[in-house]
Amino acid sequence: MTSTRDAATAPAASHDADQQDTFDSLDPRSGEVIASYPRHTPAQVEEKVARARRAVRWWTDLGFRGRSHKLAAWRQLIDRRRDELAAVVSRETGKPMDDARIEGILALDHLHWAATHAEKVLGPRNAAAGLLMINHKATVEYPALGVVGVLGPWNYPVFTPMGSIAYALAAGNTVVFKPSELTPGVGQWLVDSFAEAVGEDAVFQLVTGEGETGAALCRAGVDKVAFTGSTATAKKVMATCAETLTPVLVECGGKDALLVDADADLDDAAAAVVWGSMSNAGQTCVGVERVYVVDAVAEDLLDRVASRAAQVRPGGAPDSQYGPITMPSQLGVISGQIDDALTRGARAVVGGRESVRAPYVDPVVLADVPEDSSAVTDETFGPTVVVNRVRDIDEAVERANASRYGLGASVYAKARGHEIARRLRVGMVSVNGVIAFAGIPSLPFGGVGDSGFGRIHGVDGLREFTRPLAISERRFRSINVMTFDRPGWVVTVLARLVSVLYGRRG
């Protein structure tokens with residue numbers, strides 16, 4: 001993937017640090033300028049991080065319950081104004097209002113889960129000291145890291161970055177957020193609404209700009225960077241963070257597969273294929289891009305997919321089924337993959353080369369696509385889907401796992417769905433559903449391979465923004481092995497005890 005969601009970190013020209021430069025946010029449907037935003041310089045980014053650092057103590061001292069109360073106030077404000085937020089999202093991304101509303105709804109659910117579960121997940125807990133250290137009490141705590149930098153994408157400019165922002169804040173961190181330069185207004189709305197609800201504007205701050213600003217945030221002394229974007233850009237982010245050994249959480253692209261077994265509900269599976277591949281104009285990291293269907297039901301499924309896809313139409317109206325390709329450069333990627341597949345013998349069951357008509361792309365369903373075609377190997381980020389038949393479900397699993405990506409997947413099967421899911425080399429799987437795991441706050445979200453590492457959401461997502469702190473505390477003065485003053489018999493007794501406990505078979 002060479003572009004897709006990388007507006008958050010795309011290169012930008014240098015500018016005079018003494019002059020505040022600006023850039024425009026555009027409506028992708030019309031090219032109309034929505035508003036202008038500052039290109040924050042490295043010095044300005046450093047000052048934002050310094051302010052966030054000074055706010056850490058206040059935010060941490062609130063404790064889990066105090067932060068939960070503040071985050072609840074923010075959640076309630078977002079809920080009251082969610083149509084206002086949706087309008088900003090729709091205008092900057094071009095997606096229909098209902099899709100923008102869904103983003104807000106999901107984000108509210110995750111914000112609530114993170115705030116209400118943080119104390120249980122991150123509070124001090126006792127650990128077993130073991131017989132050899134029975135004279136010690138063992139505990140584990142999860143203190144916040146400090147300041148977290150979040151580099152967000154444009155395709156889901158509320159839901160995706162909130163998977164880091166909400167969990168980092170609930171854990172006790174302050175956050176500096178750099179949204180994509182395609183959706184700075186969404187970032188501004190989130191930061192402004194937080195300050196209004198919480199009454200403190202240093203806990204959650206905004207920086208705007210292109211790649212220079214993102215690189216500056218990586219270098220500004222934050223305690224962790226959470227990045228969403230392409231694998232290529234993730235490597236650049238990691239290299240920049242490596243300069244200061246700043247840890248990173250990386251959620252990259254995907255080439256997610258949907259597997260269909262012979263006993264699947266084919267109408268249900270077809271509906272999932274079409275929505276999973278074409279909602280949000282296919283600009284979904286965990287969207288369906290490849291389908292592997294067993295030969296016995298392949299033609300039936302393909303007919304159902306084609307029938308449904310042929311009825312889907314993009315547009316710029318608020319009630320359209322999906323909107324434009326938000327990043328214009330992605331149109332070339334989509335065209336190139338369609339052309340590569342067709343040139344190499346694939347069938348265009350729905351749409352084809354003519355489906356790309358900037359800024360929109362009509363649905364495209366390709367069949368019998370060679371497995372080494374870019375339409376199969378590379379992330380598309382458009383409303384296209386490849387449907388290939390396989391001998392059996394074993395071959396489907398083998399092909400699905402052959403990808404260098406490993407983000408999410410779906411399985412449609414009545415008898416063996418869970419069994420098949422466990423064999424897939426991915427971070428998340430929906431059985432007889434599509435992308436459902438993203439809407440469940442208690443489930444971790446993230447991938448393997450070129451899809452990245454680290455997790456947002458759930459218990460793992462909360463702990464991602466903390467550091468485990470192990471504490472041992474000696475109970476009694478009578479026995480202390482860790483001293484030159486110990487009696488000579490102590491080691492002999494310990495050696496015999498270890499032999500009794502661990503030297504036998506069992």
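This is a predicted model: local features need pLDDT of at least 70, side-chain atom pairs count only at pLDDT 80 or more; totals for chains, interfaces and linings use all residues.
**Entry: α1 and α2.** I then looked up which residues make the contact. From α1 these are Trp58, Trp59, Thr60 and Asp61, and from α2 they are Gly63, Arg67, Lys70 and Leu71.

**Entry: α2 and α6.** Next I followed α2, residues 63–80, to helix α6, residues 184–198. How far apart are the axes of α2 and α6? I found 8 Å, with a packing angle of about 125 degrees. The two helices are therefore oblique to each other. I noted the crossing of α2 past α6 as right-handed. On the α2 side, the residues in contact are Lys70, Leu71, Ala73, Trp74, Leu77 and Ile78. They meet Trp189, Leu190, Ser193, Phe194, Glu196, Ala197 and Val198 of α6. Lys70 and Leu71 were already on my list for the contact with α1.

**Entry: α3 and α6.** I stayed with α6 and turned to helix α3, which covers residues 82–93. The axes of α3 and α6 come within 8 Å, and they cross at roughly 160 degrees. This angle is over 145 degrees, so α3 is roughly antiparallel to α6. The crossing of this pair is left-handed. Glu84, Leu85, Val88, Val89 and Glu92 of α3 make the contact with Pro184, Gly185, Val186, Trp189 and Leu190 of α6.

**Entry: salt bridges.** How many salt bridges are there? I wrote down a count of 37. One pair I looked up is arginine 39 with aspartate 21, whose side chains meet at 3.2 Å, N to O. This pair links distant parts of the chain, 18 residues apart. Arginine 39 sits in the loop between β2 (33–38) and α1 (42–61), while aspartate 21 belongs to the segment before β1 (22–26).

**Entry: backbone.** Most peptide bonds are trans, and most residues other than glycine have a negative phi. I looked for exceptions. Alanine 358 and proline 359 are joined by a cis peptide bond, with omega at about 5 degrees. Proline 359 lies in the loop between β13 (356–357) and β14 (360–361). Asparagine 280 has a positive phi, near 55 degrees. I placed asparagine 280 in the loop between α9 (266–278) and β11 (290–294).

**Entry: surface patch.** Last, I looked up a nonpolar patch on the surface. Which residues form the patch? They are Leu131, Leu132, Met133, Ile134, Met482, Leu497, Val498, Leu501 and Tyr502. Together they have about 820 Å² of accessible area. I located leucine 131 in the loop between β3 (125–127) and β4 (136–141).

Methods. Residues are numbered from 1 along each chain as its sequence is written. Side-chain values use heavy atoms; hydrogens and water are left out. Patches are made of residues with over 30% relative accessible area and no salt bridge: like charges are joined within 9 Å, nonpolar side chains (Val, Leu, Ile, Met, Phe, Trp, Tyr) within 5 Å. Accessible areas come from the Shrake-Rupley method with a 1.4 Å probe; for residues, only the protein chains shown count as cover. A salt bridge is a side-chain nitrogen of Lys or Arg within 4 Å of a carboxyl oxygen of Asp or Glu. Helices (H or I, at least four residues) and strands (E, at least two) are DSSP runs, numbered from the N terminus. Axes are lines fitted to C-alpha atoms, for helices over the stretch in contact, and angles run from 0 to 180 degrees between N-to-C directions. Angles under 35 degrees count as roughly parallel, over 145 as roughly antiparallel, 65 to 115 as roughly perpendicular and the rest as oblique. A crossing is left-handed if the near helix is turned anticlockwise from the far one by less than a right angle, and right-handed if clockwise. Contact means heavy atoms within 4.5 Å.
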